[in-house]
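Trainee: Could we go through this one together? I'd like to take it slowly.

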Amino acid sequence: MNILENISLKPYNTFGIDAIAKQFVTVNSLSELKQLISTEKDIFLLSGGSNMLLTKNVEKLVVQLNLKGITSSDLNENYVLVTAEAGENWHNFVLWCISKNYGGLENLSLIPGNVGSSPIQNIGAYGVEIKDTFHQLEALEIATGKTHVFNADDCNFGYRNSVFKHELKGNYIITKVTFKLTKHSHKINISYGAIQTELKNKVAPTLKEIADAIIAIRQSKLPDPKEIGNSGSFFKNPVITVDAFKKLQNKYPEIPHYIVSENEIKIPAGWLIEQSGFKGKRFGDAGVHEKQALVLVNYKNATGQEIYNLAQRIQQTVLQNFAIELEIEVNVI
Ligand code: EPU
């Protein structure tokens, strides 16, 4: 393994932040990874770099996980288990599944990042989360080098959440993830209004048609990280009580919302940020995307700290205006 010194992480994070890694190594196999963590415990694991904001240099050994491969095995007549190694690009993996006509991940097309980090935040979009098709994952425990298998219950999935963001944060390296997908009789989910519009109310769309619709919707709203640095939704959509919601609705009758449970309502953070006047605003090279206020962007040379300062300013303003605390979704380093 070739350990490099003082490497810019700009090409390795979708925000395009120019932070420096003290050391950097690419790991190409599980045996290399095991060998590395047998001596080096204080590592910084780099996956697709699509859900983090680097506000400073990384004074550690940065490990780029380049584990590749996709395999499948029939579970029964209706289901197939598909396993992808952690370093597979998420969208390429989704396309692979669609090419085999395996159903369940098509709504998650075009999400940036790699398979290995997808369970950490239980990635989700357009009415689907990975917990819906998740079967199990394998992870190496950094302290012991042992492999552990986690099923869905072990992962404790929630909205943009899992055990890997909390109790087990930094303790494990996810090396492969298995999904249970449909072989036919797909349970498609096109409840999200924009999908139906995009599909022009087609009655039985194929997986490919659904994926194409999702791709078109995402491309129309979300900036392509190859063109403008970003990390997708910067904040989580806040969940508030029904009582708090009713007060807000009296003042803002048009407030968009989703019912989470009998007593909980989710409000789109993008709406709160837009109402607070930030949509499309630019402060130097840090900005708020013009088509989706939930996405903070790096126009070119913003520092992570500048993006973070903007995030804090947004949090303060939304708190003042709506008495709602926005929680940052991306991993701030
Ligand atoms: N809205 C605004 N202004 C904005 C943006 C949104 O008013 O600038 C309002 C609109 O009323 C809109 C509603 O918010 O109808 C919802 O917007 P959208 O459908 O774009 O979804 P979102 O709630 O803003 C979430 C996810 C996205 C995911 C979409 C679609 C979170 C934090 N974000 O965004 O996930 O693609 O739903 O399912 O839950 C990501 O995690 O990186 C991500 C992009």
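Trainee: How much area do domain 2 and domain 3 bury between them?

Mentor: This is a predicted model, in which local features need pLDDT of at least 70 and side-chain atom pairs count only at pLDDT 80 or more, while totals for chains, interfaces and linings use all residues. Residues are numbered from 1 along each chain as its sequence is written, and side-chain values use heavy atoms, with hydrogens and water left out. Domain 2 and domain 3 bury about 690 Å² between them, 37% of it on carbon and sulfur atoms; buried area is the accessible area (1.4 Å probe) that two parts lose on being put together, summed over both.

Trainee: And which residues of domain 2 lose the most area to domain 3?

Mentor: Those are Tyr159, Arg160 and Lys221, which together make up 65% of what the domain 2 side buries.

Trainee: Switching to the ligand, why does it lie between domain 2 and domain 3?

Mentor: Domain 2 (70-221) and domain 3 (229-332), whose bounds come from an automatic or database domain assignment, both give residues to the shell around the ligand, so the ligand lies between them.

Trainee: How many residues surround the ligand?

Mentor: There are 21, and the closest are Tyr126, Tyr159, Arg160, Tyr192 and Glu274; a residue is counted if one of its heavy atoms lies within 4 Å of the ligand.

Trainee: What lies 3.0 Å from an oxygen atom of the ligand?

Mentor: That is a polar side-chain atom of lysine 279, and for lysine 221 an N or O atom in the side chain is 3.1 Å from a ligand oxygen atom.

Notes
A polar contact is a pair of N or O atoms within 3.5 Å; within protein, one must be able to donate a hydrogen and the other to accept it, and residues adjacent in sequence count only if both atoms are side-chain atoms.
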